[in-house]
Amino acid sequence: MTNQANKENMTANTVGRLCFRNVNALAPMVRVGTLPTRLLSLDYGADIVYSEELIDIKMAQCQRVVNEVLETVDFVAPDERVMFRTCEKEKDRVVFQMVGYTRELSLSAMENDVAAIDVNMGCPKEYSTKGGMGAALLSDPDKIEAILRTLVKGVSKPVTCKIRILPTLEDTLSLVKRIENTGVAAIAVHGRLKDERPRHPVHCDFIQAIAEAVSIPVIANGGSLDRVKAHADIEEFRKATGASSVMVARAAMWNPSVFRSQGLLSVEEVMEEYLKYAIRYDNHAFNTKYCLCQMLRDKVESPLGKQLKSAQTNKEICEGYGLQEYYKKTQAELQYPGEFSPKMFLLEWSRKENLEQPRYETVQRSQDRAFQSMVTMTGKKYRSTLWEKSKKYAEQASAIVCLRVLGLPEGRAGEEYSGLVGKRKREKNNEMPDEEDTTTYFGARKRHLSENPEDLTTTLCNNCVKLLLYDRNKTACTFYIKW
């Protein structure tokens, strides 16, 4: 292929800033590919990170929730379990991997939070195959093609898939060509048969033949045990397979610094950095413990390993690594003074009322790098006229304006929670305006917001809200509200 053809092909397969050529990727791994491991892998040099494989039926039942405390986007199951958590730092490089695809699963709510969607068609484990998904799909090319075509047509982000090789090269090449024709952006190939395990050698010749047979990027996978042990080995595996890119699983599970071009770091140092991410993003303690145990490997029976296994909380895990002060500091930073922040109140109210969740638009001015935010709620926009020192405070300010206008609780200290029922509904019998009226009340004062769009101004300083209420004569009444 000529250089020009290579350039054109790379452009054709670069969708939404994510390119699958010449990249090193963290492979999807059950229980391991959660947010802390993904972020740590990116820190060490991974170009793309895959989520752990998640079952489509379970994801179809999840609700997208913006977690204001952690600054994450969570997909929460009906039983309140967080099935998938992501954040801004990985937004352009995280690939969400699912097992199967049902009509009930709407990816529209998720595609703006991830860089691509991947379908697992190679997992040989029973939880994937028992529903006819995972590696079970390899025997049903028609179904594979239907799933991929539906996704490619239905989502705006790149769609990829991960497969295993078939018993014959002829059948394998036939399958990957059909997959290519669906319009997927790349294909990851684990160079083992469905019934083979890590102890079996990886079939580099099959991956090489696939890379030569298709024009889309091929991502080689399966070399961790006998080929990839350090960063330099990744390139050697790429050359041995002729693939565009490499996907690393077990080697990254044991030490994510395998992506580090300067060389491996000690496992002890890596575990500490992993644990900091686990604390910062409130990772489930049992998942934190599982991932750290994978890094310890044969040292799991050491004094540290035994202390880790006996720990039941992230706080107890931190004690084993001497990170008690980091834990205390991080927990203090993540705590709001009140039970709920204004943004959390507004979000909970929208969920309770079955309304579209609030949308925030924030701008930063160049002269002092201050922020101003506007929130859209039920088709109306609310903002503070003051500029805040951070995006977080600016969004909270706009949420307070919205809550004030709607007559909802704002998260002030001592304020009655009252089940997030708005004042306006409670005071309906007192001839208060209906939900569509642009008139609001503060005490006995009645003001028309449409006539004075800047009559609500807030600023936040040390978790204190300064609220200015202007009357018809532009006289300001100032209130400081602790929340």
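I took helices (H or I, at least four residues) and strands (E, at least two) as DSSP runs, numbered from the N terminus. I am working on a predicted model, where local features need pLDDT of at least 70, side-chain atom pairs count only at pLDDT 80 or more, and totals for chains, interfaces and linings use all residues. I number residues from 1 along each chain as its sequence is written, and I use heavy atoms for side-chain values, leaving out hydrogens and water.

**Entry 1: the largest pocket**

I searched on a 1 Å grid over the protein atoms alone; a pocket is an open set of points where a 1.4 Å probe fits, with protein on both sides within 12 Å along at least five of seven lines, and lining residues have an atom within 4 Å of a point. I joined grid points across faces, edges and corners, and took a volume as the space filled by probe spheres set on the points.

The largest pocket holds about 1,100 Å³ of space. I found 29 residues lining the largest pocket, and those closest to its centre are Arg 64, Val 66, Val 73, Glu 88 and Glu 395.

Which element gives the largest share of the lining? I find that β15 does, with four residues. At least two lining residues each come from β6 (63-67), β7 (72-76), β8 (82-87), α15 (342-352), β15 (359-364) and α16 (391-406).

I sorted the lining by residue type, with Ala, Val, Leu, Ile, Met, Phe, Trp, Tyr, Cys and Pro as nonpolar, Asp, Glu, Lys and Arg as charged, and the others, Gly among them, as polar. The lining of the largest pocket has 14 charged, eight nonpolar and seven polar residues.

**Entry 2: helix α16**

With 16 residues, α16 reaches 23 Å from its first C-alpha to its last, close to the expected 22 Å.

For burial I used relative accessible area: buried is under 20%, exposed over 50%, and partly exposed in between (1.4 Å probe, protein chains only). In α16, 14 of the 16 residues are buried. Gly 407 follows α16 and has a positive phi, near 75 degrees.

**Entry 3: aromatic pairs**

I paired rings of Phe, Tyr and Trp (its six-membered ring) if their centres lie within 6.5 Å, calling planes under 30 degrees apart stacked, over 60 edge-to-face and the rest tilted. I find three aromatic pairs in the whole structure. One of them is Phe 75 with Phe 84, a tilted pair at 6.0 Å centre to centre with 35 degrees between the planes.

Phe 84 also pairs with Phe 96, edge-to-face because the planes stand at 65 degrees, with centres 5.2 Å apart. This pair links distant parts of the chain, from Phe 84 in β8 to Phe 96 in β9 (residues 94-99), twelve residues apart.

Ring pairs join Phe 75, Phe 84 and Phe 96 into a cluster.

**Entry 4: cysteines**

I looked for disulfides, meaning pairs of cysteine sulfur atoms within 2.5 Å, and the count is zero. Cys 62 is buried at 16%, and Cys 123 is buried at 7%.

**Entry 5: two loop residues**

Lys 91 sits in the loop between β8 and β9 and is partly exposed at 29%.

Gly 183 lies in the loop between α6 (169-180) and β12 (186-190) and is partly exposed at 47%. Gly 183 and Leu 151 are 32 residues apart in sequence, and 9.6 Å apart from C-alpha to C-alpha.

Key. The expected span of a helix is 1.5 Å times one less than its number of residues.
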